[in-house]
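Open the model and keep the sequence beside it. We will walk through it in short steps.

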Amino acid sequence: MKTRLGCLSHKSDSYSDFSEFLPPANETTARCLKVSTDEVVRWSESFDHLLSHKYGLAAFRTFLKSEFSDENIEFWMACEEYKKLKSSTKLVSKANKILHEFIDNQAPREINIDYRTREKTKQTLKVPSPTSLNEVQSKVYSLMEKDSYPRFLRSKMYQDIVNRAHAQGQRRSV
């Protein structure tokens with residue numbers, strides 16, 4: 001996936017090269033189109049839909065990186081991984097990593113949460129369970145949905161993806 005999304009990893013204002021999402025110019029088969037126009041448009045219908053699509057998530061992450069505000073999506077993804085862990089040893093290890101990377105005051109990628117939530121999360125993580133991060137993850141999700149997601153949908157990057165997918169779809173049908 002990294003190589004396919006390499007075109008999105010550059011922090012520029014243009015985001016003009018989305019060729020990795022689209023089929024090569026000489027290919028016109030539907031199977032080559034990595035993201036259909038319908039799929040790209042569906043990303044705007046719900047934040048859940050955007051995050052559940054691998055290219056949607058990648059595009060959103062790239063957008064946040066371009067704004068130097070990707071800590072929330074990285075935290076959300078770390079929580080998704082954390083919830084899947086079965087081993088108590090792995091839970092403790094991952095909980096400590098998340099705590100030190102995202103939750104502690106002055107953490108390298110500190111997420112924007114209120115004092116009460118931060119302290120409650122620290123207490124909950126003293127005896128970690130798969131649901132220990134649910135409350136704070138929900139707050140971060142809500143923040144992204146209300147703030148970052150609308151900015152993503154208005155961004156030149158997203159509009160370029162829509163336009164390129166649409167143009168490629170029209171070329172396919174000709």
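Predicted model: local features only at pLDDT ≥ 70, side-chain atom pairs only at ≥ 80, totals over all residues.

Start with helix α5, residues 88-103. Its buried residues are Leu91, Lys94, Ala95, Ile98, Leu99, Phe102 and Ile103. Look down the axis of α5: these residues fall within an arc of 140 degrees, so they line one face of the helix. The spacing has a simple background. An α-helix has 3.6 residues a turn, so residues three or four places apart point the same way. Now turn to the face of α5 that points away from the buried side. Thr89 and Lys90 sit there, and both are exposed.

What does the buried side of α5 pack against? Its buried residues meet α4 (71-83) and α6 (115-124). The N-terminal end of α5 has a cap, Ser87. A side-chain oxygen of Ser87 lies 3.2 Å from the backbone nitrogen of Thr89.

Stay with Ile103 for a moment. Setting aside residues up to four places away in sequence, Ile103 touches Phe75, Ile98, Ile111, Arg118, Thr121, Lys122, Leu125 and Leu133. Ile103 also belongs to the largest nonpolar core, which has 41 residues. Within that core, the residues with the most contacts are Trp43, Phe60, Ile73, Phe75 and Ile103. Helices α2, α3 (54-66), α4, α5, α7 and α8 (156-173) each supply at least two residues of this core. The general background is brief. In soluble globular proteins, nonpolar side chains tend to be buried together.

Next come the aromatic rings. How many aromatic pairs are there? The count is seven. Take Phe47 and Tyr141, a tilted pair with 5.0 Å centre to centre and 55 degrees between the planes. This pair links distant parts of the chain. Phe47 is in helix α2 (residues 47-52) and Tyr141 in helix α7 (residues 134-154), 94 residues apart. Phe47 has a relative accessible area of 1%, so it counts as buried under the 20% cut-off. Tyr141, at 16% relative accessibility, counts as buried too.

A second pair is Phe75 with Phe102. Its geometry is edge-to-face: 5.6 Å centre to centre, with 65 degrees between the planes. Phe75 lies in helix α4 and Phe102 in helix α5, so the pair ties together parts that are 27 residues apart in sequence. Phe75 is buried at a relative accessible area of 0%. Phe102 is buried at 3% relative accessibility.

Phe47 and Tyr141 are also members of one aromatic cluster, together with Phe60, Phe63, Tyr149, Phe152 and Tyr158.

Gln137 sits in helix α7. Is Gln137 buried or exposed? At 5% relative accessibility, Gln137 counts as buried.

Finish in the loops. Phe68 lies in the loop between α3 and α4. Its phi is positive, about 55 degrees, although Phe68 is not a glycine. Phe68 counts as exposed, at 62% relative accessibility. Gln106 lies in the loop between α5 and α6. Phi of Gln106 is near 65 degrees, again a positive value in a residue other than glycine. Gln106 is exposed, with a relative accessible area of 73%.

Notes:
Residues numbered from 1 in each chain as written. Heavy atoms only, no water. Buried < 20%, exposed > 50% of the residue type's maximum accessible area, 1.4 Å probe, protein only. Helix = DSSP H or I, 4+ residues; strand = E, 2+ residues; numbered from the N terminus. Arc of directions from axis to C-beta. Contact = heavy atoms within 4.5 Å. Polar contact = N/O pair within 3.5 Å; in protein donor to acceptor, adjacent residues only side chain to side chain. Phe/Tyr/Trp six-rings, centres within 6.5 Å; stacked < 30°, edge-to-face > 60°. Core = buried A, V, L, I, M, F, W, Y, C linked by side-chain atoms within 4.5 Å.
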